[in-house]
Amino acid sequence: MTSLYQRLKESGNPKAPMEVICDLIEKGKTAKEIANIMGITERWVRTLMKRKKDGLSAKELLHKKGPRSPHPKRTKPHIEALVIETQQKTNMGPRRLARELKRTLNLNISSYTIRNILRRNNVKTKKVRSRNGNKRYYANLNHWEALQYFQIDSKHIADAKTLPPKAYAALFKYRLPKYQFTAIDIKTRMRILCFSDECSFANGFSFILYIAFLMRALGIRHRMFFQTDNGSEFGGSEESRKRKILQEKFLEPLGVTLLSIPKGEKEAQGFVERSHRTDDEEFYIPALPHITSRKVFMTSAASWVKYYNQKRSHGGRDMNGKTPKEKIFELSLVSSKAATSIPPILLDKVNTFILKMVGAQNISWDSHHLLQLIKRKQFVAPYIIGCFSLFGFISS
């Protein structure tokens, strides 16, 4: 016959048998009487009675006391405190935390030791979103040079499903930018951010040109590839008239090829989409509740970009815990400090200037006649001459 203790234990409430035993002890029952009622040994009852005298709760009665002295090989208390402090600041898991401590403080601690330290102190990595289970695209990074293949996307910052109430309210209360435009190099994970109030084609077009001009100004000579989704801010689908005009008239002279992902398959934008999750977890959620103006927002965003590119280690494929700055320096392509220190700008304030500079402010993007002129090479943007003098070449 199953004992009362066993039935209570299998009820799903681990405190149930201990609460009954505590109640019997308080009623003055002896150890022998309690043992007979519960169906357990008298020795176990006496152990529980002794623990209850020490002031333990019903839940704590189940847990045995630890050793009277810590294990001689246990990690020193000040090291444990350092691990916990670093984890709470960075929200990193054991493997990334081990690399971060080695890189910044030259501490050689196994990821398994860090895991045990975090478990002992009940410190957990905060999860904002769970994995969606969608398929992943594999990118062969060996086929590309640094700063050659960029994934470009826009992000709606004001997402009530992602941001906590205080962070979400701050965006509207202080009239902060609602959209983020992101370009990430898949080889080095280096990112460039811009912000805007509108997710318009003018802003998307300006952002693409801005990235192209920046890379050429940094001395990048090879042909570049910009991959976007099929959003209207980037001209829509690959077959759209806007995309063809954008490619043939503006990007081809700069040696840039514009690519589109298959419709409905955002997994192909895996690098930039994953970085957007990092923005939410490590920047927007903790920082937005404390931002009270656009000036503070842009300053904080500039610090975040600099931290992401220069100090935040990346555990992704081919990164091995390096920062984007270290990866660019390792490849000896351009000045790693210059490439990773580009501050964000507000596209709404500069898009008119950029479009005017390239002669695009009066273009009728839906004009079929314009597309035919471009194909016949009878229409050449005035800025191409400037490209020759500024960069001294046109990539092929």
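Contact here means heavy atoms within 4.5 Å, and helices (H or I, at least four residues) and strands (E, at least two) are DSSP runs, numbered from the N terminus. Axes are lines fitted to C-alpha atoms, for helices over the stretch in contact, and angles run from 0 to 180 degrees between N-to-C directions. This is a predicted model, in which local features need pLDDT of at least 70, side-chain atom pairs count only at pLDDT 80 or more, and totals for chains, interfaces and linings use all residues. Residue numbers start from 1 along each chain as its sequence is written, while side-chain values use heavy atoms, with hydrogens and water left out.

Five strands form an open sheet in the order 3-2-1-4-5, and their pairing is mixed; two strands pair if DSSP finds at least two bridges between them. Strand 3 (191-196) and strand 5 (256-260) stand at the edges with a single partner strand each, so one side of each lacks a neighbour in the sheet. On average, neighbouring strands are turned by 20 degrees against each other, direction ignored. Strand 4 (residues 224-228) pairs with strand 5 in the parallel sense over five bridges, and Met-224 has Val-256 of strand 5 as its bridge partner.

| Helix | Strands crossed | Angle |

The largest share, seven residues, comes from helix 5.
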